[in-house]
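Please look over the structure shown below before reading on. The report that accompanies it is written for someone meeting this structure for the first time.

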There are 2 protein chains.
Amino acid sequence: MSEKIKLTKEQVELIEQYAVMMEQTNLQPAMAKILALLNVADETELSFNQIQETLGLSKSGTSQAITHLLATDRIEYKTKLGDRKRYFYVPVHKWKDIAARHFAGLEAYMKLNQKILAQRSKKTKEFNDILKEMTEFLSALYKVYADRIK
Amino acid sequence: MSEKIKLTKEQVELIEQYAVMMEQTNLQPAMAKILALLNVADETELSFNQIQETLGLSKSGTSQAITHLLATDRIEYKTKLGDRKRYFYVPVHKWKDIAARHFAGLEAYMKLNQKILAQRSKKTKEFNDILKEMTEFLSALYKVYADRIK
DNA sequence: TATTGAGTTCACAAAATACTGAACTAAGTA
DNA sequence: TACTTAGTTCAGTATTTTGTGAACTCAATA
């Protein structure tokens, strides 16, 4: 019988919105939906089957998405004694690691801009100055992160 | 004859890296390369033809990419008297507008998390508390931006 | 008026992505 | 040993995304 999770209308909407947002960060639809479900559902630990049925994905699609989410540390799982299933959850307590990844992207962008600046022709002074100003803002932002979290 | 721009080896590499980074932010390859070229090349204003030939894109691909970059304010163009061509450039001086767009995304994510928190079951206290902590960090980050730039 | 230059549009081709079903595995259960 | 549970793998399909060429527009020469 169905193990589909019961969701309120509001929850369904939040899941849809969350998933779209995740897709905008380059996450594939199926993965985005799984993450969304695990963030919004009352139960924070869901089985393969609950995820599959609640989201209406195929078994293989669910498996592939879960495998990828595990490999990229977006989800984890636990087991329960006397129960063969795995229960997947979002390791919210590791949010700083996720933040770190975003800031690593920011840092890379900063550094690339610095390299670009370093080799730009001196003739385009205004362009270079503004690029520098922008890069300095990125640095400041990065520093806020580094001071507060890292 | 060819209007291909001369680029140093280093410039070519920077353009490639820049383009990959832009693609990671969901920009299509052709657009990513155009932006990269306009950021790295010594000349900051390039014609349609220079862009097309330097990057080896088709005419139509170039046209479509430029149209989209213009529509999303990632590039602008100017004309020169007695010259029918348009000269495209990155409006670096508007970098704050681009930043604003990124932070609008951050804000939306924050707000969605707040909505999720508001409706979450009280039973998952630990989960909720950590989600709240994370959302508060995002708020702090947003505030840095708002205070410094907005 | 014909030609050239500077693009634009569009229908389609190619490539990359995402998803599906069917067959398979491997551990536990009857 | 046969069956069930809980997935995994894979080949192929469907969908989406990008890029292309050919034909077209429209203004400015010649």
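The model is a predicted one. In chain A, helix H1 runs over residues 9-24, and its 16 residues reach 23 Å from the first C-alpha to the last, which is close to the 22 Å expected at 1.5 Å a residue. The buried residues of H1(A) are A:Leu14, A:Ile15, A:Tyr18, A:Ala19 and A:Met22. Because these buried residues fall within an arc of 135° when H1(A) is seen down its axis, they line one face of the helix. The cover over the buried residues of H1(A) includes helix H2 (29-40) of chain A, together with helix H5 (95-119) of chain B. Just after H1(A), A:Asn26 takes a positive phi of about 75°.

Chain A is also divided into domains, as the table sets out.

| Domain of chain A | Residues |
|---|---|
| Domain 1 | 9-90 |
| Domain 2 | 95-148 |

Taken over C-alpha atoms, the centres of domain 1 and domain 2 of chain A are separated by 34 Å.

How are the two chains related? Chain A is superposed on chain B, with an RMSD of 0.1 Å, by a rotation of 180° with 0.0 Å of shift along its axis. The two copies are thus related as by a two-fold rotation axis. As for the interface, 100% of the interface residues of chain A are also interface residues in chain B, so the copies meet through the same surface.

Key: Residues are numbered from 1 along each chain as its sequence is written. Chains are lettered from A and ligands numbered from 1 in the order in which they are written. This is a predicted model: local features need pLDDT of at least 70, side-chain atom pairs count only at pLDDT 80 or more; totals for chains, interfaces and linings use all residues. Helices (H or I, at least four residues) and strands (E, at least two) are DSSP runs, numbered from the N terminus. The expected span of a helix is 1.5 Å times one less than its number of residues. A residue is buried if 20 or more other C-beta atoms lie within 10 Å of its own, exposed if 12 or fewer, and partly exposed in between; C-beta atoms are placed from the backbone. The arc is that of the directions from the helix axis to the C-beta atoms. Two residues are in contact if their C-beta atoms, placed from the backbone, lie within 7 Å. Domain bounds come from an automatic or database domain assignment. Copies are superposed by least squares on the C-alpha atoms of residues with pLDDT of at least 70 in both.
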